[in-house]
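Subject: Handover of the structure

Hello,

Here is the structure I promised to pass on. Please open it first, then read my notes below.

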Amino acid sequence: MRWSTYSRQPLMMGWPVALCLALLLLLPGLIGRDPWRGDDAEHFGVIASLLNGGSWLVPSFQGDTWNQSPLYYWVNAMIAWPFSFILDLPDAARLGNLFWVSITIVALYQAARATLDTEEARVLPFLALSAPGLMLSAHETQPDLAVMAGYALFFWGSSRLCFEKVTPGSLLAALGLGVTMLSGGFTIALPLIVVLLGIFLIKPKLRLNTLVALMLGLLIGFFWFIHAAAFGNPEPTALFEAIWPASTLRNAADIPGHLLNVIKLIAWTTWPAWPIALWTLWRRRLTFWRRETMVPLAVLLIAFVLQILTASARPSKTLVLLVPILLLATASVTHLRRGAANLLDAFTLTLFTLTAGFVWLGWSAIHFGWPEHLAQTVTRLEPGFRTPLTIVPPAIAFLLTIGWFVLMRNIPRSTVRGIQHWFAGITLIWALVVVLWSPWLDHGMSYTRMGEQIAKQLEAPGCIATYRVTEDARAALSYQLDRAMPRSAIAAGKDCPWLLTETPGNAQEIKRPKGWDAATKVWAGHRRGTRAERYTLYYRANETMPTPQP
């Protein structure tokens, strides 16, 4: 007896509408803003170094060998170079993210088509772009996007392995393994290596293909490390960390707490794919041994263990878990029970309609001080924020909101309606946040205003040595001030006339490094909206010291 009255042929929105929504999701926030603190500014600094004459064989950051694998920086720098003539460099550096996201979706779609029919596989792009973790990571300068693309290429290759002597699947799996190693090191590639070894042992007829994939993939992955060690003169510690990022395992006492944090993180970064993936495992409980289930499940479990033992709990680190979850979930979207499909659809419509209303209320609180309680929260989070009211952003946001209600009524009823609504809803919310809240977010997330204050004090030329300043602050300020900012401990920082130090908000001002005792304090301040970190600028020279400005 059939338990669902839905047609097994999903009714999807047309590709022009889907493409417009995808661009509306990916482009806003990708360009048109300053580098934000955290990974966005930090990794931008490496790309900027490549484009400003730094070594491509051994990428560096402000005079130090960079301790991460280089593929993401190479590709994004090459894409950024032609666009840097028409866009600001930080915006151009993020455009490469579109390449990695596109590779991921195409590869996963091809992997899904190998075991599912075309109509079922068409759901995968909607599921992928609907994941909050992918949406957030795609809008910042994030090397984990390249690791995600490597995993997707591996799954595409593993789905095409067959009993012939050498197949395209072997080459694609090798390419995926090599891209993963060149983007995230050897540790993150361990799940793929273990799966290839498992296929080699369990499937005798596939041994030649898996051996070719494994050996060629390792050759691609280790090629840069060997070449850099032989000809690049890198710092040995940094090169080892690029190969083996997880040089230390997490303490056993910290694992339970970190496990809970990772589970909570996965719960929202991979929604709504993970509940549907669990439904797939239940549907296939009697056929677990098939490759289309075992390969993604094995990669997922091994990668999950590695996340627990080594990685920090950040949204970008869940991308390698999202890839196998997407493959598992795609198989069951069109097989959801009618009640589950209706529940997902109703939850999606309610959630995003209420969230859109909250975004509008936040805009009202920013500009008009109403609602009063929300306005007080806005002021408390970003004190001193002021921005003029203009008509264009709310006009665009109004059209987006109307578009949401139009889509709500026009997407045909089917088992995939909830997924399409989720895709449209997360697009709406992200676009509304960028249009209505971007000045407020930029106020608290960027170093631009603090950089303007420092620039007023820099009357003398020369580099700025840094002491205990975070990498993201060094990268953002170096770009804005157009000055090198090496660490004070290395040779490049010892001859700098300027010194910038960072002190935690509640701590006393830190002691200056050796050789700076006689330097004059020129400026002290912090990023607007926060006192979590305080910065101090010093100057040393034989000539007359610059007069501090207010």
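A disulfide is a pair of cysteine sulfur atoms within 2.5 Å. In general, it is a covalent bond between the sulfur atoms of two cysteines.

Before the findings, two notes on the source. This is a predicted model: local features need pLDDT of at least 70, side-chain atom pairs count only at pLDDT 80 or more, and totals for chains, interfaces and linings use all residues. Residues are numbered from 1 along each chain as its sequence is written, and side-chain values use heavy atoms, leaving out hydrogens and water.

**The disulfide**

The whole structure was searched, and 1 disulfide turned up. Its partners are Cys 463 and Cys 496, with sulfur atoms 1.8 Å apart. The angle about the S-S bond is -105°, so this link of Cys 463 and Cys 496 is left-handed. Cys 463 sits in the loop between helix H22 (448–457) and strand S3 (464–467). Cys 496 sits in the loop between helix H24 (491–494) and strand S4 (498–504), so the pair ties together parts 33 residues apart in sequence. Helices (H or I, at least four residues) and strands (E, at least two) are DSSP runs, numbered from the N terminus.

Are the two cysteines, Cys 463 and Cys 496, buried or exposed? Both are buried. Buried means under 20% relative accessible area, exposed over 50%, and partly exposed in between (1.4 Å probe, protein chains only). Cys 20, by contrast, is exposed at 55%.

**The salt bridges**

A salt bridge is a side-chain nitrogen of Lys or Arg within 4 Å of a carboxyl oxygen of Asp or Glu. The search of the whole structure finds 8 salt bridges.

One of them pairs Asp 40 with Arg 94, the closest N and O atoms being 3.3 Å apart. Asp 40 is in helix H2 (residues 39–51) and Arg 94 in helix H4 (residues 89–94), so the pair ties together parts 54 residues apart in sequence.

Arg 94 also forms a salt bridge with Asp 91, at 2.7 Å. These two are 3 residues apart in helix H4, which means about one helical turn separates them. Asp 91 is buried, at 5% relative accessibility. Arg 94 is buried too, at 1%. Salt bridges with shared partners join Arg 33, Asp 40, Asp 91 and Arg 94 into one network.

Another salt bridge joins Arg 487 and Asp 64 (2.8 Å, N to O). This pair links distant parts of the chain, 423 residues apart. Arg 487 is partly exposed, at 33%, whereas Asp 64 is buried, at 10%.

Best wishes
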